[in-house]
Amino acid sequence: MYRLLGRTLGRGLLRAAGRRGGAGLPRLLPGPGVPAAPSRAAPPHGGGPGLLPLLAALSWFSRSSEAEEQEQRGADGAAAAEDAADEAEAEIIRLLKRAKLSIMKDEPEEAEMMLHDALRLAYQSDNKKAITYTYDLMANLAFIRGQLENAEQLFKATMSYLLGGGMKQEDNAIIEISLKLASIYAAQNKQEFALAGYEFCISTLEDKIEKEKELPEDIMSVEEKTNTHLLLGMCLDACARYLLFSKQPSQAQRMYERALQISEEIQGERHPQTVVLMSDLATTLDAQGRFDEAFVHMQRASELARQIDHPELHMVLSNLAAVLMHRERYTQAREIYQEALKQAELKRDEVSVQHIREELAELSRKSSPLT
């Protein structure tokens, strides 16, 4: 009867945490077992040990006139190499920006071609940061396209580069990838792996938050602590969705309650993500037959959704109508469904329009007197 919200807002907590694409990643060393890019041959590694080790090594030689002349020639060559590296990096950035734009425009084939080109340049210039960033984008693209096995391998490749570069297992970037892998296993109905993945993300973040609670701002900023809390909220939300889908509403309820608390404390009651979580919590109560409790949460979610002109208002209203129907408030349910239908039509959300019409038909059958 009800529908989980957040097809677009479900990642809101994660977006708010500001970890997209590993923008702050250190320069990384390749990790073991990294697969080649799919569909094309893996580009060769290039660039040798890199510019900085070369320049550092030059400082160990004596300063004879001949050595100075040789060093100058080496410096000139290094400068030329640095210019070439800068040009390569600029081209990689351009390709990645174009790929992201193509993803936004729903042009996945175009985006994949540009990502492969970016990966080839990243390997040729031995830009480990660019390699990692590109793998992550390729993995996200495969995930969006439903290419789950491909996405799994690419996310593992990204994680391998990060861990190989010295990133710790409890780093938020690793947790984010682990969450994506858990979601892939959930989509593949690999329950054991999915639940293990969600548990790893949640328990690791809980331990991390506890350890960092008393750290002063000069060691860890308030923003960094907030990001970790938001990521925990996202993990709880994702796990709750899977538990509800797996017919475990009471366990999902506990997860949603914690995710909602985090969102309310950090982002406020009127934040769109808070409204989504409030509505989804109500669905878990509804699934347990606790219709009066579900109604309280769903009614508040609908009030807030109207106040802030929530982009998924029609879905919140549809869920509210479903709870009313379960409470046998048929007249009210019909009114709310009709309002939801108008909103869905304005949004041109054909999936929701069809769903609401089916619910109205079911409502008519339930509320019609027996003949």
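Let's start with a pair of helices: helix 8 passes helix 9 in a left-handed crossing, meaning that the near helix is turned anticlockwise from the far one by less than a right angle. Helices here are DSSP runs of H or I with at least four residues, strands are runs of E with at least two, and both are numbered from the N terminus. Keep in mind that this is a predicted model, where local features need pLDDT of at least 70, side-chain atom pairs count only at pLDDT 80 or more, and totals for chains, interfaces and linings use all residues. Residues are numbered from 1 along each chain as its sequence is written, and side-chain values use heavy atoms, with hydrogens and water left out.

Back to our pair. The axes of helix 8 (residues 191-212) and helix 9 (residues 222-245) come within 10 Å and cross at roughly 155 degrees. Such axes are lines fitted to C-alpha atoms over the stretch in contact, with angles running from 0 to 180 degrees between N-to-C directions. Helix 8 and helix 9 are therefore roughly antiparallel to each other, a label for angles over 145 degrees. Where they meet, helix 8 brings residues including Leu195, Tyr198 and Leu205, while helix 9 brings residues including Leu232, Cys235 and Tyr242. A contact means heavy atoms within 4.5 Å.

Now zoom out. The protein has 15 helices and zero strands. Of its 371 residues, 46% count as buried, that is, under 20% relative accessible area (1.4 Å probe, protein chains only), whereas exposed means over 50% and partly exposed lies in between. Among contacts between residues at least 6 apart in sequence, 65% join residues at least 24 apart.

Thr274 has a relative accessible area of 0%. Not counting residues up to four places away in sequence, Thr274 touches Leu260, Ser263, Glu264, Gly268 and Glu269. With Gly268, the detail is this: a polar atom of the Thr274 side chain lies 2.8 Å from the backbone oxygen of Gly268.

Finally, check out two loop residues. Asp106 sits in the loop between helix 3 (65-104) and helix 4 (108-124), and has a positive phi of about 60 degrees although it is not a glycine. Asp106 is exposed, at 64% relative accessible area. Asp309, in the loop between helix 12 (291-307) and helix 13 (313-326), also has a positive phi, near 50 degrees, without being a glycine. At 59% relative accessibility, Asp309 counts as exposed.

Notes: Polar contact = N/O pair within 3.5 Å; in protein donor to acceptor, adjacent residues only side chain to side chain. Parallel < 35°, antiparallel > 145°, perpendicular 65-115°, else oblique.
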